[in-house]
Amino acid sequence: MRWQTLEYAARSKMNGMLQIRDLSVSYYTDMGRAHALNHVNLELRSGEKLGLVGESGSGKSTMGLAMMRMIKPPGRIEGGAVTIGGTDLLSLSDKEMLKSRLSTISYIPQGAMNSLNPVLKIKRQMIDAHNAHRENRNTDTIMTLAREAITSVELGEHVLEMFPHELSGGMKQRVCIAIGILLQPQVIIADEPTSALDVVTQRQVIETLNKVQAKIGSALILIGHDMGLMAQSMDKVAVMYAGEIVEVNEVETVFNAPKHPYTQSLISSLPRLENRGKFQGIPGMAPSLYQLPDGCKFHPRCPKHFERCTSEIPLPQILEDGNYVACHLHGAS
Amino acid sequence: MTSIIELRGISKLYKVGKKEVRALNNISFNLEGEPAKIITVAGESGSGKTTLASIMLGLIKPSTGNVVYQGEDIHHLSSTEYKEFRKNVQAVFQDPFAVFNPFYPVDHLLEVPIRKFNRQLKKAQRKKLMEEALEAVGLQPREILGRYPHQLSGGQRQRINVARAIVIKPKLLVADEPVSMVDASLRANILEALVSLRENYNVNIIYITHDLTTAYHVSDSIIVLYRGSVMEAGSIIPVIETPQHPYTRLLINSIPWPDLSRKWDNQIHENPDIQEIGEQGCRFYSRCPERMDSCLQAPRLLSLKKGHLACCHLFQREGAESPLTDHL
């Protein structure tokens, strides 16, 4: 455990329901070792909604998968802890982890709607999901849960009797959300749940997700790169860059007074209604995960970098409420 | 009157088993091309926007109607005329990864069109053209030439695709979702490249997208399609800032603006039980919050004012349909 993690644990007074400490993941490929996730820390309370944003390859999905312990070879969780309500998921046996999925933590993957089995009714798929992750109960009890889940995503109960091909993209995505909340997990991770949907359906799906999250009071992590969705519905935003969280902050702070230079460039690159015709991209490109730069990972693209950034890794500076920023411009030491 | 390309009453029917799906319904407009414009074609998946692009490029034939290039239907051009059409009308596609051959340096992609359309050029001249095109899209030629596709980011690759299209100096670029597969932070660079093409090289651009935010930022005019029919069209500012058609209003209300002061307001209520109506009526009937009996008859596309058209019974009056061209 790196020392700043201890400090983070000591100084973050939040004591959240979900605690991620020092989580690291690498992929071992022919090209070498890719550091996909480097010593990531995060805390979340019940009922909180966090948006996890970053460019492709910044480690967003890896983080979601690592929390579910679903990293497959050549990937490996190198260390850390993912604690939910006092239990460290990473120390559970495989069998215990299987039972935790869906009932403690659930994951709605990218393109989830294409994961539905085309030859089974929705009902059957929900029963199967239940039985895989919870001890068998009689079908009536499960069906009550299924009906409750399907109505909470604003679909009619008749959908349970339908096959996936009879549903539109938005409806399928809602079925996947219904399966995800079937066992009322404490943490829901939704990985780009709307990336294949048009704006109207996207809005409906995100609103549904927010509604069920509020109903069951779980924590929600929305993974995506659309800052618009984060502004519309999240409480907090965690910004990832090259396998690290560079800033976690309240959504208002992220949009109005971002702290990290990367967050600042990200916010000023957004197309708003007021700045029509102005474009401000972030120059340069993200570093290769096989060959990360020394010091701060962002310094080659950072407009504000100075001597120290090229050699010394910036440690997360704890702000109030478990938020932090990892940049040499902030914090004394 | 000069014109780059003209669509005359284009409709496209796809046969799905025994059913017929109308992907495009009687679309006409004339792209004059002077001064150069960026025209957005917007709509959700299934609205017919990619079909429209493919028809303009001559990749598929319309079921009825003609695409006219310099006074002639593009499917009846002689081979030299067709080659000229190809030179003047170029495309950029959605996927910045699929068009590259991983075994060649990216120079190959840029050089092939030059060789094809300007055979007499020497190697040094070809290189100069390639460098100019790369600079036009905001790339440094020495950082790009000689490198392989896997060494470049998605944003760089997509800008190379734009450079490939303009290396032979077309008059019209049809860009089908050019930024949808590129990271948000890199989109700005590609959009900037498109705008600079219009300004510095006088290239007209048909920008096909479902993303009204970027459409608002780059384009001069917009055509909003829904299930193959034009719902609303006109100059970009009135259409986005004061949308009139219920469909456009729904779309614009659903944009997740990255702006805390512009949050989604009252929730959308759609009643999925309303039956679809046949070919005769308004295509948006089943989802429209303002539907009424007259909507069972097809509305006509009429101008509300200069630079703003809508096709909806809320705005019907006497008179003939207004041509799209005059308001774009």
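Helices (H or I, at least four residues) and strands (E, at least two) are DSSP runs here, numbered from the N terminus.

What you're looking at is a predicted model, where local features need pLDDT of at least 70 and side-chain atom pairs count only at pLDDT 80 or more, while totals for chains, interfaces and linings use all residues. Residues are numbered from 1 along each chain as its sequence is written, and chains are lettered from A and ligands numbered from 1 in the order in which they are written.

**Chain A overall**

Chain A has 10 helices and 12 strands. Its radius of gyration is 20 Å, close to the 20 Å that the globule rule gives for 333 residues, so chain A is as compact as a globular protein of that length. (That radius is taken over C-alpha atoms, and the globule rule is 2.2 Å times the number of residues to the power 0.38.) Along the principal axes, the C-alpha atoms of chain A fill a box of roughly 65 × 50 × 45 Å.

Of the 333 residues of chain A, 51% count as buried. A residue is buried if 20 or more other C-beta atoms lie within 10 Å of its own, exposed if 12 or fewer, and partly exposed in between, with C-beta atoms placed from the backbone. As for contacts, two residues make one if their C-beta atoms, placed from the backbone, lie within 7 Å. Among the contacts in chain A with a separation of 6 or more, 66% are between residues 24 or more positions apart.

Strand E8 (residues 219-224) of chain A is mostly covered, with six of its six residues buried. Ala219(A), Ile221(A) and Ile223(A) point one way from E8(A), Leu220(A), Leu222(A) and Gly224(A) point the other way, and all are buried.

Two strands pair if DSSP finds at least two bridges between them. Strand E3 (residues 49-53) of chain A runs parallel to E8(A), joined to it by five bridges, and Val53(A) stands opposite Gly224(A). Strand E7 (residues 187-191) of chain A also pairs with E8(A) in the parallel sense, over five bridges, and there Ala190(A) stands opposite Leu222(A).

**The open sheet**

Elsewhere in chain A, four strands form an open sheet in the order E2-E1-E4-E5, with antiparallel pairing. Its edge strands are E2 (32-44) and E5 (87-88) of chain A, each pairing on one side only. Helix H2 (residues 60-67) of chain A packs on the sheet and touches E1, E2 and strand E4 (75-84), and its direction makes about 70° with that of E2(A). Axes here are lines fitted to C-alpha atoms, for helices over the stretch in contact, and angles run from 0 to 180 degrees between N-to-C directions. Strand E1 (residues 18-29) of chain A pairs with E2(A) in the antiparallel sense over nine bridges, and Thr29(A) stands opposite Gly32(A) in E2(A).

**Backbone details worth a look**

| Site | Feature | Value |
|---|---|---|
| Pro73(A) to Pro74(A) | cis peptide bond | omega near 10° |
| Glu34(B) to Pro35(B) | cis peptide bond | omega near -10° |
| Glu192(A) | positive phi, not a glycine | about 40° |
| Arg227(B) | positive phi, not a glycine | near 45° |

Pro74(A) is in the loop between H2 and E4 of chain A. Pro35(B) lies in the loop between strand E2 (19-31) and strand E3 (38-42) of chain B. Glu192(A) counts as buried because 20 other C-beta atoms lie within 10 Å. Arg227(B) lies in the loop between strand E9 (221-226) and strand E10 (229-235) of chain B, and it counts as partly exposed because it has 19 C-beta neighbours inside 10 Å.

**Where the chains touch**

The contact takes 32 residues from chain A and 30 residues from chain B. On the chain A side, the elements giving two or more residues are helix H7 (199-216), helix H8 (227-233) and helix H9 (251-256). H7(A) gives the most, with six residues. The chain A side divides into 14 nonpolar, 10 polar and eight charged residues.

Methods. Nonpolar A, V, L, I, M, F, W, Y, C, P; charged D, E, K, R; others polar.
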